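Work through the exercises below with the model open beside you. Try each task before you read its solution.

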Amino acid sequence: MGWMAAFCGGAVGSERSAEWKVAARSQRIRAPDAGAVAARAAAVVARGASRGRAARSVRKACPVDQQNGQGETQLPVPTTGSADADKGEIPPPLTTGDMAGLWWTNIQQTYGSKPSVDGAPRVEGDPSDLLGDQPFFIALAKYFAQYGSVFKLAFGPKVFFVVSDPAMTRFILRDNPTYYDKGVLAEILEPIMGKGLIPADFETWKKRRRVIAPGFHMKWLDRMTRLFGECTDELLQELDRVASRGVVSSTGSVKQQLGSKAQAKQSNVIDMETAFCSCSLDIIGKAVFNYEFGSVTNESPIIKAVYRCLREAEHRSTFLFPYWKIEFLNWVIPRQRKFRRDMKIISDQLDELIQLAVDSRDESDLSALESRDYDVIKDPSMLRFLVDLRGEQATCSQLRDDLITLLTAGHETTAALLTWALCEIARNPHVLSKLREEIDTILPDRKMPTMSDVKALQYTRRVLAETLRMYPQPPVLIRRALKDHTIPAGTSKMDLKLLRGNDLFISLYTLHRHPDLWENPNRFDPDRWTREFTNPAVKDWKGYKPNPNEASLYPNEINSDYAFMPFGAGPRKCVGDQFAMLEATVCLAMTLREFDFEHVYDEVGMTTGATIHTQNGLMMRVTRRRDRSAPDARPASDATTSSSSSASVPTSAAASASASASASATAGVANVIPKKDTNRVSILAEPIEDGRTSNSGVSRRPAVS
Ligand code: HEM
C-alpha cells in the first residue's frame, strides 16, 4: 500500500483535495477569533490556558469526516468500558486568568514577602542542574537526597512540586484522579496527539477509554503474541547477519576498529537500542493500524516523520519557553516548519488507513468482536476494532488522535524497556544464566512463544519488572491541580497544600529507588519480587507482597502499595500494560535464546527523552549463542561481573557499586557521567560522533498478516 495512494489521481483524489480546502476553512471558522488571538498571546505568559489552539493550528481536519458529513461531531458514549474516574465533581478547566493569577502568587512567594502555605521546601540555589547536561530525573533524584520525598522547584513565575511518596501518589492517581489534568504534558503532546487518551480532557478521555480499553481483549492479545514472535523473528534474522560479520575483538580500541562507517558495517557490533526501536515500531504499526512500516535503511518518509515528531515532543518537553505557541514562529523556525510537514505526512497516511477501514466496516457488537477468530482475520488491528464496534462513531480526527497516541505511547516505552533489560543482563551473568535456564525449558528449539509460555516465563518477567523499577518509562508523571486541595502527608511527614493550577511531578525514578521502600535499591535484583518487604518506619505504607504464584504479568502498584508503578495507577493507568509485557517477554526470550551479547563500552549513560534513552546507543557485540546445551557458558570477561547498580556504572566498577547499593536512591546516580546528546537517535546508517554506527541495520520484513 503506497503512502500517497489516497490522494493520488482520480475523482476521489480531487474530491478530497476540495474537502481539504473546505476542512481548512471550517477549521478557521470554528477557531475562536479574538479570543484565540488573545489566548495565544497570553499563552506566552501563561502556559496551559490555550490548550488545543496550537494543536488545531498544526493538525488538519479529516477528509473522512467531511465525506461522512460528521465534521467534528460528538461521539456517542459507548455502553462498555472501564473508565471509572467520574466519581465526584469535576473541577472546571483552567483559564488564562487562573494561570496569570497563579503566576503572580508564585512571583510574590518566590521573590517577594508573601508567605508560602504549601509546606514544601524550595530547592535552594540555582536549579540550573535541570537545564544542564544531566538528565532531568537525575537532578530530581539529587534534590530528593537533599530535601526528601516532597520539594518544589521555582523558576521565575513557575513552581513545580515534586513528589516521590507512595501514600501521596496513591492519593493523586487512585483516590482523586479528577483533581488533576495532564498540565504541561498535555500542552506538549496535544499538537501531536490531539485528543488522544494521554493529553485528552476528562470528558474526551472518559469516552475514548471506554472504547479503546476493550480493544485490548484476551483473544486479540493472544493474536498479538503471535505477531510479537513474527516481528522478533525478523530481528533475529538481522542479528544473525550481524553476528556472522567480522568479529570486533574485546581487546584494543573499539573506537579504532569501528573508525569508519564501512568498518562499522562489517563488524559484529550493533546498536541494540535502535534495533529494539525498529522492532517495536514494526509491531505497533501492525497492531494498531495494520501498517507495515517501510525499511529504516530505505529511509521511508513516514518513519522519518514519526521519529522526528517524537524528537520534537522531546525537544518541547525540555524547552522552557513554549515558543511554538506563537503562531508565526511556527512558520519562521525551520524545525517547526518541518514539524508541520511531518505531521501532515503522518496524518495523511493515517487518514488513508482510516478511510480503508471505514470503507470495509463490518459492524459488530462488542461480544462478537471479542470472540472473533483472529486466526482467519486478515486485519487484526486495533483500528479495525474501533471502526467495527457497533454504536461507535468516532470522527476520523478522533480516530487519528487515538492511533497516533497508541503508536507513540506503545513504541518507545517498550523499546526502552528491552534496551535497559539487555543492558543489565549483559552486566549480570548470573541473571543471564537463570534466564537461559528458564527459556530453554519453556521455549525449546525455535518454538514461537504463546501467551501461556509468557505466563510460565516468570523469571523473565521478573527481570523486566526489575528493569522498569530501575528505569521507569517515563521517569516522571506529570499532573496539574484543577482545584485548591491538600495532599495528606506520607513519608515526608508534611501535608502538601496545592493551589488550582499548581504543577506536579511524580518522580517514578526516585520512588522506585527510595531507600525506605526498597532493599538495596540500586542493585539489579530480579529476585526481589519473590520476597516480601515491609518497613514499619514508613507511615501509611503496607509494603510489598508478592502476588501468589505471580499470577499477574508483573508486580504492580497494588502489590507494592504504590511504591512500584511501572504503568502508572488509577483510571489513567496504561491501557497497553499487558500488551507491553507480552511483547517484551516474547522479544527478550527469543533474542536471548539465540544470541550472546557483550557490551562494547563500559558506560551506557542516560539521557532524558519521553523515555530514558542511552547516551550513544546500546552498542553490543553480538555472537550466536555459543553452547545451547550449556546455557551458563559465557565469555570469560563476563565471569567477573556482578550486579551493577546503574546502567552507567563501568563493568569493572560494578562489584564495588553493588556493595554500596544499600545507600540512598541517589547512590547509583552519583555514578552517572551524563553527556547529553539529544540528537543521538538516528534511524539512518550514519556513523555517530566517534565513528560508531548509530544504525542497527535492521531490515524490515515482509507483511505479516
Ligand atoms: C513498557 C512499556 C510501557 C510502559 C512502561 C508504559 C507506561 C505508561 C505509564 C506510566 C502511563 C501512565 C501515564 C500517566 O499517568 O501520566 C501510561 C499510559 C498510557 N499508555 Fe503506556 N506504557 C507502555 C506501553 C504501552 C503500550 C504498548 C501502549 C499501547 C499499545 C500504551 C498506551 C498507553 C496509553 C494510551 C496511555 C494513556 C492511558 C490513559 O490516560 O487512559 N502504553 N503508559
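The exercises go from the whole chain to single residues.

This is a predicted model, in which local features need pLDDT of at least 70, side-chain atom pairs count only at pLDDT 80 or more, and totals for chains, interfaces and linings use all residues. Residues are numbered from 1 along each chain as its sequence is written, and side-chain values use heavy atoms, with hydrogens and water left out.

**Exercise 1. The whole chain**

Find how many helices and strands the protein chain has, and what share of its residues is buried.

Solution. 
- Step 1: Count the elements. The protein chain has 26 helices and 14 strands. Both are DSSP runs numbered from the N terminus: helices are H or I with at least four residues, strands are E with at least two.
- Step 2: Turn to burial. Of the 705 residues, 61% are buried. Buried means under 20% relative accessible area, exposed over 50%, and partly exposed in between, with a 1.4 Å probe and protein chains only.
- Step 3: Check the contacts (heavy atoms within 4.5 Å). Among contacts with a separation of 6 or more, 76% join residues 24 or more positions apart.

**Exercise 2. The ligand**

Identify the protein donor of the iron atom, then describe the shell around the ligand.

Solution. 
- Step 1: Start at the iron. Its only protein donor is Cys574, through SG at 2.3 Å. Donors are N, O and S atoms within 2.8 Å of the metal (3.2 Å for Na, K and Ca); water is not among the atoms, so sites may look incomplete.
- Step 2: Cys574 sits in the loop between helix H23 (508-511) and helix H24 (577-594).
- Step 3: Widen the view. The ligand is surrounded by 28 residues, and the closest are Trp205, Arg209, Gln473, Arg479 and Cys574. A residue counts as near if one of its heavy atoms lies within 4 Å.
- Step 4: Look for polar contacts, pairs of N or O atoms within 3.5 Å; within protein, one must be able to donate a hydrogen and the other to accept it, and residues adjacent in sequence count only if both atoms are side-chain atoms. Polar side-chain atoms lie 2.6 Å from a ligand oxygen for Trp205, 2.8 Å for Arg479 and 3.3 Å for Arg572.
- Step 5: Name the top contributor. H19 gives the most to this shell, with six residues.

**Exercise 3. The nonpolar core**

Which residues of the largest nonpolar core touch the most other members?

Solution. 
- Step 1: A nonpolar core is a set of buried Ala, Val, Leu, Ile, Met, Phe, Trp, Tyr and Cys residues joined through side-chain atoms within 4.5 Å.
- Step 2: Read off the members. The core has 168 residues, and Met272, Phe289, Leu496 and Phe579 touch the most others.
- Step 3: Find the main source. Helix H19 (residues 396-427) supplies the largest share, 16 residues.
- Step 4: Zoom in on Phe579. Leaving out residues up to four places away in sequence, its partners include Phe216, Trp220 and Met224.

**Exercise 4. Asp388**

Is Asp388 buried or exposed? Find what its side chain reaches.

Solution. 
- Step 1: Locate Asp388 in helix H18 (residues 382-388).
- Step 2: Compare its area with the cut-off. Asp388 is buried, because its relative accessible area is 1%.
- Step 3: Follow the side chain. The Asp388 side chain reaches the backbone nitrogen of Asp362 at 3.0 Å.
- Step 4: List contacts beyond four places in sequence. Among them are Arg361, Glu363 and Arg372.
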